[in-house]
Amino acid sequence: MKRQMTGAEMVVQALIDQGVKHIFGYPGGAVLPIYDEIIQQERVRHILVRHEQGAGHAAEGYARSTGKVGVALVTSGPGATNLVTALTDALMDSIPIVGITGQVPTHLIGNDAFQECDTVGITRPCTKHNWLVKDVDDLARILHEAFYVASHGRPGPVVVDIPKDVQFATGTYAPPNHVGHKTYHPRVEGDPAAIRAAVEMIAKAKRPVFYTGGGVINSGARATALLREFVRTTGYPITSTLMGLGAYPASDPQWLGMLGMHGTYEANHAMHDCDVMVCVGARFDDRITGRVNAFSPGSRKIHVDIDPSSINKNIHVDIPIIGDVAHVLEAMVAEWKAMKSKVDKVALKAWWRQIDAWRARDCLAYRQNTDVIMPQYAVERLYAATKDKDVYITTEVGQHQMWAAQFFKFEEPNRWMTSGGLGTMGYGLPSAVGVQVAHPKSLVVDIAGDASVLMTMQEMSTAVQHGLPIKIFILNNQYMGMVRQWQELLHGNRLSHSYMESLPDFVKLAEAYGCVGIRVEKPGELDDAIAEMIKVKRPVIFDCRVAALANCFPMIPSGKAHNEMLLGDAVKADTLGKTIGKEGKVLV
Amino acid sequence: MKTTTKTAKRSGARAPTARTKEAVTRRAPRQPPASAYFIEELHDRPERHTLAVIVDNEPGVLARVIGLFSGRGYNIDSLTVSETEHAKHLSRITIVTSGTPMVLAQIRNQLERMVPVHSVTDLTAGGKPLERELALVKVASSGQDRVEALRLADAFRAVVIDATVDHFVFEVTGRTSKIEQFVSILAPLGLIEVCRTGIAAVSRGAETD
């Protein structure tokens, strides 16, 4: 039903019509008309953040944990530029978010007006698409189009930039129509011939591996269910990227663990030695492939992706299938049944024997310490304490992120929110805010590092204001751990500016924010402290003091192949021994 | 519509120029080749292709296309753009680019997924397209040079569109090589300014792009 209303009213009406329940934002001069509408209604709840980057990451966490589109509302100029990191993060990880930015009035655009910036120009390369609305009669259509573009095809961020005079102007509002978009029609059904060829190749494989990614999770619950069905039908091993964790249950015997730079020995060796690789919703990222010319040299590759530009970008594949994961897997499962496909049981048995030999290396093993908490141990205990709960995990970026990926076992999709492509330190805390807003009764834990968490620490105030009992589980080693690890391994252990001097007292900081602070320094106290953290119904900053110089292994050094991994023990024996001084050795 | 994807066919490609040859040698491996991909990549020489991109003529659309090329490190050898269907507000962008077949496929795919892009056609993939350029060439000279310039213009079928006793402005159309030749011949004869449109291209035959 078409109605006359102001641009600001249209924004709120469009959000309601798009089914948006929560938005994250920060007011300012150029969005005041919209804020004036927001306070006069109750259908869309606004979460006030402390920095616009936090609004963006919260929208990402919200989107990632629900499968819906996340919305951030910010003002012009600095509001928009502060959102850029989150937009780029969402673009890299294919997270659907709609950023609504205020803009100076149209007649001032280009005049270097107060809080003016070229928002569409700045956000053009970090969004799927963006719009500057110059006429109020275009506003409703553009808003609905924004939601369509963000959520269809390969999901991603979009920005709608609305000048203040357009927010005040009156025009005609039309609800979303489902006639379809003028140009943007991503293909969802895979090519049947390619699917048939792929199923044949999969059935004949001697050393197969499934390599899945965030695309499976983006495709939705149906994709996850079909993936599980197909993988179990074949009995083939499966590994996943950082973004894809949870699509396949980590407790399943066919699960090899994460692959890539800090992936497991068995996953990376299976990738290197396989004869058929089935890539589903992943993009052969450089953290996955290692040296591209030595990447899985003997395999034929099948690549299922909704984005044609992902095909043959880094790695040449033999059978590309462009389509939505759920649609393609459905067709594959049907084809598998129709062809009465049988796997080569003898070959598969030998392949699993080989994989078990790799598994026996126990690549994630670490040296336990009775005096100092090992960071791996901290994640293991956190997992043990929360695995039977309704838990969502977010992370920042660095060593703690990799340890979380290695030691926290995910059984379900949408439970793991992390910044994969962009690697944004400071993602986890605001993301946890977004997740908690979407799942108020669930346990939401940000596994954090002491350096990352300080980048967006101010969002604790958001959590307190909105009664969001997020748990910030800091693996505090007083270093930028991953930077320090690289300096140790590659730069002669010259720890240039990676030591976090003058860290705040996190317990006092928690109290200052009006939440709960817990500090643990001994392994023996860890379990009780975690239990307390879970019990508290308020936001918690958990300062877990861990071994300062622990390194994250296994590791594929840059420029090396999958079968040239460094395992923890090997490195300790030679490289580390030479580079670490006496003091360091005591701590490791 | 001819929208064939993979352009393994090299018949349409021009011989690599000095610049592209150098690019190939610079990519020499530091380590011995360990897999088929590495070898394959070495054999992939850059090709020059002409793309026709039909887009909505909306603000910023050209910036999006150019931003894609600069952001991802693709080459633009020539770019021509104008609205071609006024009723539908459609513009046609003709881009001459060069890259390996893998990069060319990427360019097509990256362009195709942009929201305001209607279609991307690789004109070179279907054989050599018709390509023309227009140049306006200003020559200021006197005496024998002036006479010679006019005589050459006639040989190149260039038209005089402006003249005083001190100068001529010639309008010349044709393939890029012809324009290049015309400009270089006029250089010693008082050439002072050149403006070129870039390449406009359509495929041969009755089919549309």
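This is a predicted model: local features need pLDDT of at least 70, side-chain atom pairs count only at pLDDT 80 or more; totals for chains, interfaces and linings use all residues.
Which of its residues are buried? They are Phe506(A), Ala510(A) and Tyr513(A). Looking down the axis of H21(A), these buried residues fall within an arc of 65 degrees, so they line one face of the helix. Their cover includes helix H19 (459-465), along with S18, S19 and strand S20 (540-545) of chain A. And just after H21(A) comes Gly514(A), which takes a positive phi of about 85 degrees.

Let's move to another sheet of chain A. Here, too, 6 strands form an open sheet with parallel pairing, and the order is S3-S2-S4-S5-S7-S6. Strand S3 (45-48) and strand S6 (129-132) of chain A are at the edges with a single partner strand each, so one side of each has no neighbour in the sheet. From one strand to the next, the twist averages 20 degrees.

Within that sheet, take strand S5 of chain A, residues 97-103, and strand S7 of chain A, residues 157-163. They pair in the parallel sense over 7 bridges. One detail you can look up on the screen: Gln103(A) has Pro163(A) in S7(A) as its bridge partner. Helix H6 of chain A, residues 136-151, packs on the sheet and touches S5, S6 and S7 of chain A. The direction of helix H6 makes about 165 degrees with that of S7(A).

Next, strand S13 of chain A, residues 300-305. Why can we call it largely enclosed by the rest of the structure? Because 5 of its 6 residues are buried. As for its partners, strand S12 of chain A, residues 276-280, runs parallel to S13(A) and is joined to it by 5 bridges. In that pairing Val278(A) stands opposite Ile302(A) in S13(A). Strand S14 of chain A, residues 319-322, also runs parallel to S13(A), and the two are joined by 4 bridges. There, Asp305(A) has Ile322(A) in S14(A) as its bridge partner.

Let's step back and take in chain A as a whole. How many helices and strands does chain A have? There are 24 helices and 20 strands. Its C-alpha trace spans about 70 × 60 × 40 Å along the principal axes. For 588 residues, a compact globule would have a radius of gyration near 25 Å, and chain A has 25 Å, so the two agree. Buried residues account for 56% of the 588 residues. Among contacts in chain A between residues at least 6 apart in sequence, 77% join residues at least 24 apart.

Finally, chain B. Here 23 residues of chain B are in contact with 18 residues of chain A. On the chain B side, the elements giving two or more residues are helix H2 (36-43), helix H3 (61-71), helix H4 (101-112) and strand S4 (117-122) of chain B. H4(B) gives the most, with 6 residues. By type, this side of chain B divides into 11 nonpolar, 8 polar and 4 charged residues.

I'll finish with one residue, Ser82(B), which lies in strand S2 of chain B, residues 78-85. Is Ser82(B) buried or exposed? Ser82(B) is exposed, because its count of other C-beta atoms within 10 Å is 11, and 12 or fewer counts as exposed. Setting aside neighbours within four places in sequence, Ser82(B) is in contact with Ser91(B) and Arg92(B).

Methods
Residues are numbered from 1 along each chain as its sequence is written. Chains are lettered from A and ligands numbered from 1 in the order in which they are written. The radius of gyration is taken over C-alpha atoms; the globule rule is 2.2 Å times the number of residues to the power 0.38. A residue is buried if 20 or more other C-beta atoms lie within 10 Å of its own, exposed if 12 or fewer, and partly exposed in between; C-beta atoms are placed from the backbone. Two residues are in contact if their C-beta atoms, placed from the backbone, lie within 7 Å. Two strands pair if DSSP finds at least two bridges between them. Ala, Val, Leu, Ile, Met, Phe, Trp, Tyr, Cys and Pro count as nonpolar, Asp, Glu, Lys and Arg as charged, and the others, Gly among them, as polar. Axes are lines fitted to C-alpha atoms, for helices over the stretch in contact, and angles run from 0 to 180 degrees between N-to-C directions. The arc is that of the directions from the helix axis to the C-beta atoms.
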